[in-house]
Amino acid sequence: MHIVFFGDQHAESLGGAQVSMRLQRKYLERAGHTVTIVAPRMHAERARLAGAEDDAGYVDLPSIPITADREYSLTWPGRRTDRFLDRALTRRPPVDLVHVQADFWGAYIGHRFAHRHGIPAVHTMHNRVDVGIAAVTPLHKPVLGALNLWRRTALRGIGVQSHAADGWAYLAGIAAESRAVTAPSGHFARRLEQHGVFGSVDVIWNGIDDEVREQVLAAAPAERVAGRPRFIWLGRMSPEKRLLPFLEAVVASDVDADIEIVGGGGERRAAERIAARAGRPGIRFAGRIGYADVLARIAAADAVVQTSIGFETQGMTPFEAATLGTPTVVSDPDIAAELRGGLWAVPDAGADEPARVAALAETLRLAASEIAAGRAPEPDPQVAADFRQSSRTAAMLEVYGRAIGG
């Protein structure tokens, strides 16, 4: 079977969806299938270093960079892109299935391709677009209105396109002709169904590479290394991830712990200023690091800290932590419920950000105290078993079979 993935961003760029696509490709190809990943060409030097330009499994669409670091790009959906894509895929085997793993231009391009060629499509929802846009601009309502207009224009004639202008109508519109829709968590799947995005949504977690997990666990010490409690925060440094409130909570807690920040993004300088003003040498910025190194640092930490609220459609890092035996300080109640244990839940403070920071500070103090006393909670072993990529690929293949079978 030849499956074509469509993404908003190149699979070698930073992001949980991109990591997931690379893992899915690896395990599908091991099962004997062919995978092609279609996405905008990446302009950062790292794409060349990763060997993406020489990988026949990538179809890089003409694009323009949209971030200062040239990490992320945009391809305009339209007839010119359609023609480029159709020519590029003549050099690959006939396509059996389209799997759209995008929320914006990648979704438009993917569904246009599937509709044009009469190929069944599966859509994985990775993004809560309404919450994400609201986190970065006070003009989120007009932005959603413009986004829905773009969606109706790009997908004209494809499925039933609602004229509503909210985030749920947008998601329903981009999945309108899909034969199956999947979500990476139970809580997001329920919301998609409740808001009429799709009738029945399959829950298939994004997974962890089985082999890398085994290697990381084999290299990890059998007992906790002595020292102060070690917390790690990982992710994109943007407002919806709430890195700055986390650092404010660290300062307010006055917790005696080592804090490691992994990732990059637009809020890095602001985060470094908070750390510098606090005069805390225990806060260290590791920058952007590779997948295996990320997992090794999670395994070495005493706790991962998850700080976004209401935005995550899964939240990869708490599940990666659970799979590696590391507990998590969890701010999002939906993620806490899905983890089923092995965590410190931050009390709900509603939309009051100062109260949220205070609650997180108190939870950090509690976690540090229990870590130091050897009383840290243990993650649910079933989560570790269910999160392996081999099991996720087997579940997705069942969805593919249903989609192809009509």
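Arg228 and Asp258 pair up through their side chains in a salt bridge, with N and O 2.5 Å apart; the term covers any side-chain nitrogen of Lys or Arg within 4 Å of a carboxyl oxygen of Asp or Glu. Distant parts of the chain are linked by this pair: Arg228 sits in the loop between H9 and S10, and Asp258 belongs to strand S11 (residues 258–262), 30 residues apart. Helices (H or I, at least four residues) and strands (E, at least two) are DSSP runs, counted from the N terminus. Arg228 comes out as partly exposed at 35% relative accessibility, and Asp258 is partly exposed too, at 29%. Here, buried stands for under 20% relative accessible area, exposed for over 50%, and partly exposed for what lies in between (1.4 Å probe, protein chains only).

A word on the model: it is predicted, so local features need pLDDT of at least 70 and side-chain atom pairs count only at pLDDT 80 or more, while totals for chains, interfaces and linings use all residues. Residues are numbered from 1 along each chain as its sequence is written, and side-chain values use heavy atoms, with hydrogens and water left out.

The structure has 28 salt bridges. Among them is the one between Arg25 and Asp55, at 2.9 Å from N to O. Again, distant parts of the chain are joined: Arg25 is in helix H1 (residues 16–30), whereas Asp55 is in the loop between helix H2 (45–49) and strand S3 (58–61), 30 residues apart. Arg25 is buried, at a relative accessible area of 13%, but Asp55 is partly exposed at 24%.

Then there is Arg224, which bridges to Asp302 with the closest N and O atoms 2.7 Å apart. Arg224 lies in the loop between helix H9 (210–219) and strand S10 (230–234), and Asp302 in the loop between helix H12 (291–300) and strand S13 (303–306), so the pair ties together parts 78 residues apart in sequence. Arg224 is partly exposed, with 38% relative accessibility, while Asp302 is buried at 8%. Salt bridges also join up into a network that links Lys26, Arg30, Asp209 and Glu211.

Elsewhere, Arg79, Arg80, Arg83, Arg87 and Arg91 make up a positive surface patch. Patch members have over 30% relative accessible area and no salt bridge, with like charges joined within 9 Å and nonpolar side chains (Val, Leu, Ile, Met, Phe, Trp, Tyr) within 5 Å.

Most residues other than glycine have a negative phi. Arg242, however, has a positive phi, near 60 degrees; this residue is in the loop between S10 and helix H10 (243–253) and is buried, at 8% relative accessible area. Asp254 likewise has a positive phi, near 50 degrees. Asp254 is in the loop between H10 and S11 and is exposed, with a relative accessible area of 60%.

Conventions
Accessible areas come from the Shrake-Rupley method with a 1.4 Å probe; for residues, only the protein chains shown count as cover. Lys and Arg count as positive and Asp and Glu as negative; His and the chain ends are not counted. The place of a charge is taken as NZ of Lys, CZ of Arg, CG of Asp or CD of Glu.
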